[in-house]
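Good morning, colleagues. Please bring up the sequence and the coordinates, and I shall take you through a few local features in turn.

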Amino acid sequence: MAAFGTVFTPEMIISHFHNNSWSQPELVATDSISLHPGAHVLHYSSTCFEGLKAFRHADGGIYVFRMDKNVARLAQSSQLLALPQIDGAMLQQMILDIVKRYAADVPNPPGSMYIRPTHIGTEASIGKAAAPSLESMLYVLLSPVGDYFAGGAKPLRLLLEDSARCAAHMGMVKSGGNYASALQPIMKARAAVQADQVLFCPNGDVQETGAANFLLIDGNEIITKALDSSFLHGVTRDSILTLARDRGMKVSERELTVDELLERAQKPGTEAALSGTAAVLTPVGTLIHAGKEYQVGSGQGGTTTAALRQALNDIQWGKAEDKHGWLVKVC
Ligand code: PLP
Ligand code: COI
């Protein structure tokens with residue numbers, strides 16, 4: 001199977017913001033955009049994106065999962081980056097139209113069609129270091145995908161870093177610069193301790209990894225950082241917490257310190273997991289901190305993580321009732 005996110009459909013759908021209005025969305029070849037080398041995005045990083053998925057059900061129907069949440073988050077990211085305001089209804093229709101056009105390419109579960117709405121500032125002005133781009137492009141890429149983590153559901157090794165993933169006020173913005181700022185620590189962690197990911201814990205506060213949220217599961221309780229502007233408000237995080245509440249679990253959204261995490265993690269039966277559209281819910285087997293390795297529970301991932309992942313997949317794949325109205329039928 002090709003690496004996650006390297007295969008694209010031949011067309012995407014695009015709209016341009018120009019003279020204060022959005023153009024009629026149109027289908028274009030996926031490798032076709034042209035950008036001025038002085039485009040705002042290339043110099044001042046006026047860029048944000050989303051990641052959501054479409055799933056194929058056994059009856060052949062194609063459904064997108066929680067599209068409204070991702071569109072709302074892109075609207076918020078755009079606003080926080082001072083990009084032109086997106087038209088949420090138009091973007092939802094763009095997503096539905098392009099997924100419908102490539103419905104035949106949506107893989108069967110456990111695969112899916114990864115959907116990547118992207119919004120970039122295109123105004124050609126290298127003087128606008130401290131001013132917004134008045135022109136932009138909004139396009140939706142499609143990529144048929146399987147598992148994000150090459151090891152499948154193999155428990156991950158996380159290095160706990162006493163540093164932030166990105167600037168504190170930017171964490172809730174899904175913007176390329178945040179990924180760039182996390183890259184060096186992640187590469188170092190891979191080389192030094194064969195970590196799969198870094199868990200960023202500035203000042204001992206457990207936040208998130210480079211591309212997923214972090215959840216600690218201790219018996220009937222699920223603990224994760226309460227929402228603030230410093231990290232990404234994951235749609236999967238929200239979905240898993242909702243499913244946990246449905247199962248009668250106690251959900252604690254609060255600060256979690258590295259000390260508490262390491263102490264709880266070593267108890268038998270404790271579990272930890274990463275949640276994200278790409279990651280789904282992937283078990284964490286080992287935490288590495290200050291030169292020491294801590295096995296999480298059995299180190300093999302646990303039954304609650306597996307059950308919650310299954311509960312989420314069952315809804316996405318049409319095997320369980322969609323009680324919360326998370327799916328929208330495409331065709
Ligand atoms: N945190 C970061 C930094 C991410 O890149 C992602 C992935 O989208 C998430 C968390 C999880 O967000 P979601 O569940 O909406 O995909
Ligand atoms: C996602 O889960 O959608 C992500 O954005 C993760 C990653 C592929 C950047």
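Ile33 is partly exposed, because its relative accessibility is 34%. In this predicted model, Ile33 sits in the loop between β3 (26-29) and α1 (40-44). Together with Leu35 and Leu42, Ile33 makes up a nonpolar surface patch with about 230 Å² of accessible area.

I turn next to the helices. How do the axes of α2 and α3 cross? Helix α2 (residues 67-80) and helix α3 (residues 88-101) have axes that come within 10 Å and cross at roughly 130°, and α2 and α3 are therefore oblique to each other. Their crossing is right-handed.

Thr122 belongs to the loop between β7 (112-121) and β8 (136-145). With a relative accessible area of 14%, Thr122 is buried. Its C-alpha atom is 5.4 Å from that of Glu135, 13 residues away along the chain.

Finally, the charged pairs. The whole structure contains 18 salt bridges. In one of them, Glu221 pairs with Lys250, with 3.8 Å between the closest N and O atoms. Glu221 is in strand β13 (residues 221-224) and Lys250 in strand β14 (residues 250-253), so this pair ties together parts 29 residues apart in sequence. Glu221 is buried, at 13% relative accessible area. Both residues also belong to a salt-bridge network that includes Asp218, Arg254 and Glu260.

Glu253 forms a salt bridge with Arg237, at 2.7 Å between the closest N and O atoms. Since Glu253 lies in strand β14 and Arg237 in helix α5 (residues 235-246), the pair joins parts 16 residues apart in sequence. Arg237 is buried at 3% relative accessibility, whereas Glu253 is partly exposed at 35%. Glu253 also meets Arg245 in a salt bridge of 3.2 Å, N to O.

Note on methods. Residues are numbered from 1 along each chain as its sequence is written. Chains are lettered from A and ligands numbered from 1 in the order in which they are written. This is a predicted model: local features need pLDDT of at least 70, side-chain atom pairs count only at pLDDT 80 or more; totals for chains, interfaces and linings use all residues. Side-chain values use heavy atoms; hydrogens and water are left out. Patches are made of residues with over 30% relative accessible area and no salt bridge: like charges are joined within 9 Å, nonpolar side chains (Val, Leu, Ile, Met, Phe, Trp, Tyr) within 5 Å. Accessible areas come from the Shrake-Rupley method with a 1.4 Å probe; for residues, only the protein chains shown count as cover. A salt bridge is a side-chain nitrogen of Lys or Arg within 4 Å of a carboxyl oxygen of Asp or Glu. Helices (H or I, at least four residues) and strands (E, at least two) are DSSP runs, numbered from the N terminus. Buried means under 20% relative accessible area, exposed over 50%, partly exposed in between (1.4 Å probe, protein chains only). Axes are lines fitted to C-alpha atoms, for helices over the stretch in contact, and angles run from 0 to 180 degrees between N-to-C directions. Angles under 35 degrees count as roughly parallel, over 145 as roughly antiparallel, 65 to 115 as roughly perpendicular and the rest as oblique. A crossing is left-handed if the near helix is turned anticlockwise from the far one by less than a right angle, and right-handed if clockwise.
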